Amino acid sequence: MLEQSMVAYCAPTLAAMATGNLFTYAYEDLEELQEQIDRCNRCVNQKGVLLRLLRAKDHTALVYVFRPKKLWEDLRAPGVMEFLVSIGYQPSSLCSMIRQLAHRVDENGEFPHEIGVFLGYPLGDVKGFIENKGNNYKIVGYWKVYNDEISAKKLFEKFRLCTRLYGQRFLQGITLQQLTVAA
């Protein structure tokens, strides 16, 4: 079931088109969930993808699937680290920053707005969301767009097509490891 959710919600990351994706996952036993995450990590880690449990509460988990190398590139883009520092992050390592994100998710009980940076959303759109309190966006798709809607529309269409194709291939018996692109 975890693999099926990964394909349904994280296909762009598995295809090396996106930095990361999040999904919620219902579980009965936390130890069993961690075993499933470990199993999935063994399938995709060698291809540059990592699963991280951001929160587990009331039998609902928030799973972060991401490409660490791509995330590190995104975080070093102009203005991103400065933005994160300005809202309280202490950038010492990628693992440390993800732990800080997990703490902020757990602390607030909801998504902190900067989570978009960890998913590869443009910094201008993340800041636009915060400044506009989620209103006044140009378009909405995988995120609310405040700047370059033309590029975002094209990317959203690629993500939708990827998700549809990955879902079909998974149902045809293609494994998670086979679907994950090495990058």
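What radius of gyration would a compact globule with 183 residues have, and what does the chain have?

Analyst: Happy to! Please keep in mind that this is a predicted model. For 183 residues, a compact globule would have a radius of gyration near 16 Å, and the chain has 16 Å, so the two agree. The C-alpha trace spans about 45 × 35 × 30 Å along its principal axes. Of the 183 residues, 42% are buried.

The chain holds 9 helices and 5 strands, and along the sequence they follow the pattern α-β-α-β-β-α-α-α-α-α-β-β-α-α. Taking contacts between residues at least 6 apart in sequence, 51% join residues at least 24 apart.

Now to the helix contact. Helix H3 (residues 68-75) packs with helix H5 (residues 94-108) at an angle of about 85°, and their axes are 11 Å apart. That angle makes H3 roughly perpendicular to H5, because values from 65 to 115 degrees count as such. On the H3 side, Pro68, Leu71, Trp72 and Leu75 make the contact, while H5 brings Leu94, Met97 and Ile98. By residue type, this contact of H3 with H5 divides into 7 nonpolar, no polar and no charged residues.

Next come the aromatic rings. The count comes to 8 aromatic pairs, taking ring centres within 6.5 Å as the rule. One of them is formed by Phe23 and Tyr25: their ring centres are 6.5 Å apart and their planes stand at 90°, so this pair is edge-to-face. Phe23 and Tyr25 are both buried.

Another pair brings us back to the surroundings of H5. The rings of Tyr89 and Phe118 have centres 5.8 Å apart, with planes at 40°, so they form a tilted pair. Tyr89 sits in the loop between helix H4 (80-86) and H5, whereas Phe118 belongs to helix H6 (residues 115-118), so this pair ties together parts that are 29 residues apart in sequence. As for accessibility, Tyr89 is buried, and Phe118 is buried too.

Finally, there is a group of rings to look at together. Tyr121, Tyr142, Trp143, Phe156 and Phe159 are linked into a cluster by ring pairs.

To put your two topics side by side: the H3 and H5 contact is made by nonpolar residues, with no polar and no charged ones, and the two ring pairs described above are edge-to-face for Phe23 with Tyr25 and tilted for Tyr89 with Phe118.

Methods:
Residues are numbered from 1 along each chain as its sequence is written. This is a predicted model: local features need pLDDT of at least 70, side-chain atom pairs count only at pLDDT 80 or more; totals for chains, interfaces and linings use all residues. Side-chain values use heavy atoms; hydrogens and water are left out. Axes are lines fitted to C-alpha atoms, for helices over the stretch in contact, and angles run from 0 to 180 degrees between N-to-C directions. Helices (H or I, at least four residues) and strands (E, at least two) are DSSP runs, numbered from the N terminus. Angles under 35 degrees count as roughly parallel, over 145 as roughly antiparallel, 65 to 115 as roughly perpendicular and the rest as oblique. Contact means heavy atoms within 4.5 Å. Ala, Val, Leu, Ile, Met, Phe, Trp, Tyr, Cys and Pro count as nonpolar, Asp, Glu, Lys and Arg as charged, and the others, Gly among them, as polar. Rings of Phe, Tyr and Trp (its six-membered ring) pair if their centres lie within 6.5 Å; planes under 30 degrees apart count as stacked, over 60 as edge-to-face and the rest as tilted. Buried means under 20% relative accessible area, exposed over 50%, partly exposed in between (1.4 Å probe, protein chains only). The radius of gyration is taken over C-alpha atoms; the globule rule is 2.2 Å times the number of residues to the power 0.38.
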